[in-house]
Amino acid sequence: MVHLGKIPTDKEINTPVVEGLEQIKLEEPSEDEITTSVYGSRFAAQDLPRYEMPEKEMPKEIAYRMIKDDLTLDGTPTLNLASFVTTYMVDTRTVLPSMIPEEADMFQEDEAEKLMVDAFSKNFIDYEEYPVSADIQNRCVSMIARLFNIPAHDENTNAMGTSTIGSSEAIMLGTLAMKKRWQNKRKAAGKPYDKPNIVMNSAVQVCWEKAARYFEVEEKYVYCTKDRYVIDPEEAVNLVDENTIGICSILGTTYTGEYEDTKKINDLLVERNIDCPIHGVGWVVWRDPEFLPKELIFNINYLGADQASFTLNFSRGASQVIGQYYQLIRLGKHGYRSIML
Ligand SMILES: Cc1ncc(COP(=O)(O)O)c(C=O)c1O
């Protein structure tokens with residue numbers, strides 16, 4: 001092998017492999033054609049459109065690459081220590097209870113991701129077209145309701161529930177149901193029903209304040225102290241009056257993750273013979289139709305199917321429901337316990 005190369009002469013270079021080929025002229029690329037890398041195109045020079053929708057299309061490779069690269073400036077979910085603001089799914093096989101998040105090799109399970117991506121284009125509200133997705137929601141509702149000890153052993157139980165976009169929507173729906181139920185009772189008794197209030201911890205997540213203000217319910221707070229970040233059951237029940245639509249008791253407060261003493265609140269209400277509902281969950285379930293006034297449920301016919309709807313939003317993708325179902329059956333009670341302990 002010789003490592004000294006002979007430099008070809010101009011004549012050698014310009015001799016075509018096939019005679020006559022040198023006369024064929026290729027067209028210049030159009031300015032939208034990607035001839036170099038994405039960042040060699042004119043789109044990169046112009047930066048991503050920010051304020052005004054562009055007049056013309058851009059090639060899909062460029063749109064994808066530039067948005068993907070833009071998103072690299074976001075934080076990384078696996079490095080986000082505030083667990084409740086992270087939505088990726090954990091692979092429990094790789095997480096030991098003693099591991100703190102950044103030490104654990106955690107990632108979204110491909111299987112969950114695939115199922116969720118497949119469901120992206122399904123509009124969950126179209127039950128007629130996607131009956132299995134609808135049924136999967138009902139399976140989740142049943143599993144979650146049973147976790148909250150819905151009295152399913154009683155034949156006359158008519159508990160019901162729904163998936164929501166997140167806890168905020170669940171809480172809005174819960175607040176609405178409590179307010180309407182309270183109003184109906186007050187109207188039936190010929191009493192004023194224009195000053196509803198709700199009792200809650202001053203450290204509630206903002207969605208409770210939103211629910212109260214959006215639906216015109218006065219906020220009554222039990223304030224935290226230096227050593228207590230959860231609701232004080234005694235103080236909460238003391239704040240209840242004839243205009244109280246309910247008490248909010250949180251199972252896993254936003255700031256410390258502590259469970260509020262729902263049983264103690266309930267015992268005090270029973271002891272004092274006060275009829276006041278307690279709310280607290282992510283998906284929303286009602287123990288009995290009595291707690292969900294029927295005027296809030298819309299019986300509609302959408303794309304050929306009769307359905308009962310009680311949600312704030314109508315359309316949404318089916319992915320979240322499918323992802324939830326995957327988590328419930330993939331982890332089971334033992335899997336969830338392993339993560340929490
Ligand atoms: C205790 C609690 N309730 C409700 C919410 C609101 O839930 P979402 O963000 O799903 O609307 C949060 C979210 O941080 C929360 O921590």
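Here are some numbered notes on this predicted model, meant to be read alongside the structure.

1. **Ground rules.** Residues are numbered from 1 along each chain, as its sequence is written. Because the model is predicted, local features need pLDDT of at least 70 and side-chain atom pairs count only at pLDDT 80 or more, while totals for chains, interfaces and linings use all residues.

2. **The overall picture.** The protein chain has 10 helices and eight strands; helices (H or I, at least four residues) and strands (E, at least two) are DSSP runs, numbered from the N terminus. Of its 341 residues, 21% are buried. A residue is called buried if 20 or more other C-beta atoms lie within 10 Å of its own, exposed if 12 or fewer, and partly exposed in between, with C-beta atoms placed from the backbone. Among contacts between residues at least 6 apart in sequence, 64% join residues at least 24 apart; a contact means that the two C-beta atoms, placed from the backbone, lie within 7 Å.

3. **Around the ligand.** The ligand is surrounded by 10 residues, where a residue is near a molecule if its C-beta atom, placed from the backbone, lies within 6 Å of it. The closest are Gly166, Ser167, Ser168, Gln205 and Thr254. By type, the shell holds three nonpolar, seven polar and no charged residues. Here Ala, Val, Leu, Ile, Met, Phe, Trp, Tyr, Cys and Pro count as nonpolar, Asp, Glu, Lys and Arg as charged, and the others, Gly among them, as polar.

4. **Strand β2 and its partners.** Strand β2 (residues 197–201) is largely enclosed by the rest of the structure, because four of its five residues are buried. β2 pairs in the parallel sense with β3 (residues 218–222) over five bridges; pairing requires that DSSP finds at least two bridges between the strands.

5. **Helix α5.** The 17 residues of α5 should span 24 Å at 1.5 Å a residue, and the end C-alpha atoms are 25 Å apart, which agrees; the expected span is 1.5 Å times one less than the number of residues. Ser133, Ile136, Gln137, Cys140, Val141 and Ala145 are buried in this helix. The buried residues of α5 pack against α4, β1, β6 (284–286) and α10 (319–340).

6. Most residues other than glycine have a negative phi. Asn149, which follows α5, has a positive phi of about 55°. Asn149 sits in the loop between α5 (131–147) and β1 (160–162) and is exposed, with 8 other C-beta atoms within 10 Å. Asn273 also has a positive phi, near 55°. Asn273 lies in the loop between α9 (262–271) and β5 (278–279) and is exposed, with 6 other C-beta atoms within 10 Å.

7. Glu113 belongs to helix α4 (residues 110–119). Glu113 counts as partly exposed, because it has 16 C-beta neighbours inside 10 Å. Glu113 and Gly323 are 210 residues apart in sequence, yet 7.9 Å apart in space, C-alpha to C-alpha.
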